Amino acid sequence: MRRTFSLIILMACMICSCSTSNSVSLIRDKDYQHALREILPLAEQGDVQAQYNLGLMYMNAWGVPQDFEKASRWFHLAAGNGNADAQFNLGIMYFKGQGVTQDYAQAAKWFLAASEQGHVKAQSNLGFMYYQGLGVMQEYPLAEKWFRKAGAKGDVEAQVHLGNIYYQGKDLPRNMKQALYWYIKAARQGNVEAQVSLGDIYSRGSGISKNTGEAIDWYSAAALQGNIHAQCALGFIYLNGDGVQQSFFDAVYWFRMAADHGSNLAQGYLGFFYDHGLGVSQDYAEAAKWYLLAAEQGFDKALYNLGLLYNKGNGVPKDYMQAYLCFKLAAEQGIEPANNYLDTMAHEMTPDQIAQAQEMAKVWKQSTGTPN
């Protein structure tokens with residue numbers, strides 16, 4: 001289960017109204033030139049909302065050339081006058097080095113200013129800064145504090161971070177109850193990482209009782225959003241009958257979905273199903289197609305199985321050199337039975353054919369990036 005931490009780098013692009021309500025309407029109507037003529041004088045007179053909105057215009061190239069330096073200058077003025085969105089955006093600009101020299105300490109400073117005003121995304125980012133020790137001392141309790149503030153207000157990224165923190169138990173004591181609480185909150189908002197994490201936890205019984213039904217529910221939610229890990233996990237659950245009745249038909253369904261998304265593992269298994277008629281009608285040509293796709297991505301077992309098809313002429317023309325090529329590549333990746341076929345085929349092929357097949361193997365490795 002892969003755990004990642006990331007900063008929310010989405011700029012706050014909400015247009016603020018107040019004394020600039022007419023100009024806000026103009027911006028929303030994309031009448032940027034008229035908006036600029038109204039906003040600029042107000043911003044120069046110290047109107048905080050106008051300063052913030054002018055920063056947005058330069059940041060997003062709304063009626064003016066994109067200019068991060070000018071955007072940061074107007075955000076500075078608005079942020080200094082207490083505008084939380086400007087403080088958040090300024091924090092992002094310092095974090096990314098847009099229009100200003102990259103400075104994590106300044107980023108943390110402005111995230112803190114916005115966080116203290118209740119800016120949810122700033123709170124989540126401040127938690128990230130404390131967790132990673134960027135611009136501030138690394139302090140996990142403070143990271144937890146700000147993540148919890150943002151998570152309680154529905155910020156999905158903060159909820160996932162909290163789930164990861166409590167599940168891993170590396171930096172704070174492991175707490176499966178809290179991990180599940182925050183993962184479920186994020187998962188119910190459609191967050192794929194949280195859905196996959198819940199699937200993994202329930203399928204493995206990690207710190208809780210194993211619950212295949214819950215695992216299937218959460219994996220399915222993630223799988224239907226295109227997550228390959230979840231699609232393959234469902235494929236294996238049905239293939240192995242893990243807590244459910246074994247169903248090759250259902251295994252094929254989920255592996256095919258992952259295979260269509262480019263998973264070499266799923267492609268290899270889909271080839272195997274067609275090879276042996278499991279959950280589908282036996283079709284050696286279709287098996288060869290999927291084995292080849294998987295083999296081109298370096299799946300060692302697919303190379304071996306493709307070699308078997310070439311050796312027997314099932315679904316492909318019988319071709320000892322192609323079979324030798326596949327067995328040699330598979331053997332080099334640790335598939336021991338492939339060596340037995342290489343020994344047998346060495347007696348059935350001429351030295352020139354073997355040399356040619358070995359050269360083909362070199363070309364294959366170069367074209368696919370297969371390790372030597």
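A residue is taken as buried when its relative accessible area is under 20%, as exposed when that value is over 50%, and as partly exposed in between, with a 1.4 Å probe and protein chains only. By this criterion, 10 of the 13 residues of helix H11 are buried, so H11 is largely enclosed by the rest of the structure. The model is predicted, and local features therefore need pLDDT of at least 70 and side-chain atom pairs count only at pLDDT 80 or more, whereas totals for chains, interfaces and linings use all residues. Residues are numbered from 1 along each chain as its sequence is written, and side-chain values use heavy atoms, with hydrogens and water left out.

Helices (H or I, at least four residues) and strands (E, at least two) are DSSP runs numbered from the N terminus. The buried residues of H11 (192–204) are Ala-194, Gln-195, Val-196, Ser-197, Leu-198, Gly-199, Asp-200, Ile-201, Tyr-202 and Ser-203. Their cover includes H9, H10, H12 and H13, where contact denotes heavy atoms within 4.5 Å. From its first C-alpha to its last, H11 reaches 18 Å, close to the 18 Å expected at 1.5 Å a residue, the expected span being 1.5 Å times one less than the number of residues.

Helix H10 (residues 176–188) likewise has 13 residues, and its end C-alpha atoms lie 18 Å apart, in agreement with the 18 Å that it should span. Met-176, Ala-179, Leu-180, Trp-182, Tyr-183, Ile-184, Ala-186 and Ala-187 are the buried residues of H10, and what covers them includes helix H8 (140–152), helix H9 (156–168), H11 and H12.

The axes of helix H12 (residues 212–223) and helix H13 (residues 228–240) come within 8 Å and cross at roughly 140 degrees; axes are lines fitted to C-alpha atoms, for helices over the stretch in contact, and angles run from 0 to 180 degrees between N-to-C directions. On the H12 side the contact is made by Thr-212, Ile-216, Tyr-219, Ser-220, Ala-222 and Ala-223, and on the H13 side by His-229, Ala-230, Gln-231, Ala-233, Leu-234, Ile-237 and Tyr-238.

Leu-234, placed in H13, counts as buried because its relative accessibility is 0%. Leaving aside neighbours within four places in sequence, Leu-234 is in contact with Ile-216, Tyr-219, Ser-220, Ala-223 and Trp-254, and its C-alpha atom is separated by 8.4 Å from that of Ala-223, 11 residues apart along the chain.
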